[in-house]
Protein chains: 2
Amino acid sequence: MKTPVEFFFDFSSPYGYLASELIDDLAAAHGRQVAWHPILLGAVFKTTGSQPLVHQPLKGGYAARDFPRSARFHGLPFTMPTPFPVATQAAARLYYWFHDQDSAAARVLAHALYRAYFVEGRNIGDAAMVLTIGEAQGLERARMEAALADPTVKERLHAETGEAVAQGVFGSPYFIVDGEPFFGVDRLPQLEKWLRTGGF
Amino acid sequence: MKTPVEFFFDFSSPYGYLASELIDDLAAAHGRQVAWHPILLGAVFKTTGSQPLVHQPLKGGYAARDFPRSARFHGLPFTMPTPFPVATQAAARLYYWFHDQDSAAARVLAHALYRAYFVEGRNIGDAAMVLTIGEAQGLERARMEAALADPTVKERLHAETGEAVAQGVFGSPYFIVDGEPFFGVDRLPQLEKWLRTGGF
C-alpha cells in the first residue's frame, strides 16, 4: 500500500481551493490516496513571521490578478470573495469532527465549504454559514454546534496545525509525498512527475 | 510587430537563472522577442519590505530543496553556489553598458554570468570575477573597469530598477506580456498559454 499524499490547506486560501479540485484525481492516477489536513494559516504565519499575500505591498495587487487567472488556467470556477481572508476555525473544526465519523463524507463537506466561499461567495468565516453548509450535507445543527464548542475538537485543530508546522508547512497548499515537500498549486506538475517517476 | 516579453531578474536569483534558460525559446515559439532587464532585488525588497527566501523561517529550507529540484524538473544544470545570495551591481551594470553597444552579445554575456554562478559556482558578486567573465566574451578589462565606475552606468541600473518597481515588479523572475504580469518560473505555463491564445 503506497503512502497517501499529505495535503495541507487553509479553507480561506484561493490556491488551496484550486489544489482541492485537482489533487485527488492527480494522486489517484498514480494509485495514491490523499490525506486532507485543514490548518489555520494565521497560526502558521505567527511562526514564520509572514502575512497573507494580499496584505503585502505590490504582491497583493498581483495576487488579486493571479487568483482568477490561475483558476481560468485550470478550468475551474472562481469568484474572489469578500470579506477576504476570513478566519476558518469553524470550517476546519467541523471538518475534523465529521472526518472522524465518516472520512469520505467529510471530503464532500470540504469541497462544499471551499466552493461556498470561492464560487458562491458565501462567508465561511461566519460559523452560522458553516452550520448551514453542514446542514446541506445532512448534518444536524445541534450536533454541529456542540462539536464546534467541544474542547477536544478545538484541540484537534490546534494539534493538526502544530504538527503541520513541525513538518515544515509554511503556506497553503502544501503537499508532502514520501517526505518530499511541494508548496503551491504551481508545484503540482513537479508533484505529478514525482509520483510518476518515484522521484527525480 | 508584436511587443516583446519583458523579463525582469536579478543575477543572484536561482529561479531567474532557470527562467533565463527557458524564456527566449518559449517566446520565439510565439513570434516574440524578449527584453531582458537585470535589476537589483535588494532595492526592490526595500520597497516591498520583503527579504530573500533563504532568510525566511521554514521557507529557506524548502527553497534550498526546491531550487535544484526545479532545475532537474526543467532538465537544466544547477549547483547551489556559496556565497548566496550575492550583490549583483557589477554584473547588472556590465550587462547594460554592453547591451547599449551590442544587445545580442550582451544576451550571451548574461547567460555566461548566470551559468558562471549557478552552474560553475563562480562568485559573480565579486567585480573581479565579473570582469574575468567579460574578458572571456572578448571585452577589454580596462574598458569594463571604466564602465563599472561610470556614474551614467550606475544611474542606468538604478533607473531600470526603479522603473521595474513602478511597473509592479516585486521579485525575480517577473514577466510582463502586453501589460499582463507573471511572477515566477512556475508561471511560464500560464505565460505560454497567454502568448498562444492572446489571453485567457
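These legends describe close-up views of a predicted model.

**View 1. Chain B and chain A are two copies related by a rotation.** Two copies of a chain are related by a rotation about an axis and a shift along it. Here the rotation is 180° and the shift along the axis is 0.0 Å. Chain B then superposes on chain A with an RMSD of 0.0 Å. That is the relation of a two-fold axis. The same surface serves both copies, as 100% of the contact residues of chain B recur in chain A.

**View 2. Asp186(B) sits by the rotation axis.** Of the residues of chain B, Asp186(B) comes closest to that axis. Its C-alpha lies at 3.0 Å.

**View 3. Chain B meets chain A.** In this interface, 31 residues of chain B are in contact with 31 residues of chain A. The size of an interface is often given as the accessible area lost when the parts come together. Chain B and chain A bury about 2900 Å² between them. Carbon and sulfur atoms account for 56% of that area. In chain B, Tyr62(B), Arg69(B) and Phe73(B) lose the most area to chain A. Together they make up 22% of what that side buries.

**View 4. Helix H4 of chain B packs against helix H5 of chain B.** H4(B) spans residues 89–99, and H5(B) spans residues 103–118. Their axes come within 8 Å and cross at roughly 160°. An angle over 145 degrees counts as roughly antiparallel, and H4(B) and H5(B) are therefore roughly antiparallel to each other. The crossing is right-handed.

**View 5. Residues of H4(B) meet residues of H5(B).** The H4(B) side includes Leu94(B), Tyr95(B) and Phe98(B). The H5(B) side includes Arg107(B), Leu109(B) and Leu113(B). By class, this contact has nine nonpolar, two polar and one charged residues.

Notes. Residues are numbered from 1 along each chain as its sequence is written. Chains are lettered from A and ligands numbered from 1 in the order in which they are written. This is a predicted model: local features need pLDDT of at least 70, side-chain atom pairs count only at pLDDT 80 or more; totals for chains, interfaces and linings use all residues. Side-chain values use heavy atoms; hydrogens and water are left out. Copies are superposed by least squares on the C-alpha atoms of residues with pLDDT of at least 70 in both. Contact means heavy atoms within 4.5 Å. Axes are lines fitted to C-alpha atoms, for helices over the stretch in contact, and angles run from 0 to 180 degrees between N-to-C directions. Helices (H or I, at least four residues) and strands (E, at least two) are DSSP runs, numbered from the N terminus. Angles under 35 degrees count as roughly parallel, over 145 as roughly antiparallel, 65 to 115 as roughly perpendicular and the rest as oblique. A crossing is left-handed if the near helix is turned anticlockwise from the far one by less than a right angle, and right-handed if clockwise. Ala, Val, Leu, Ile, Met, Phe, Trp, Tyr, Cys and Pro count as nonpolar, Asp, Glu, Lys and Arg as charged, and the others, Gly among them, as polar. Buried area is the accessible area (1.4 Å probe) that two parts lose on being put together, summed over both.
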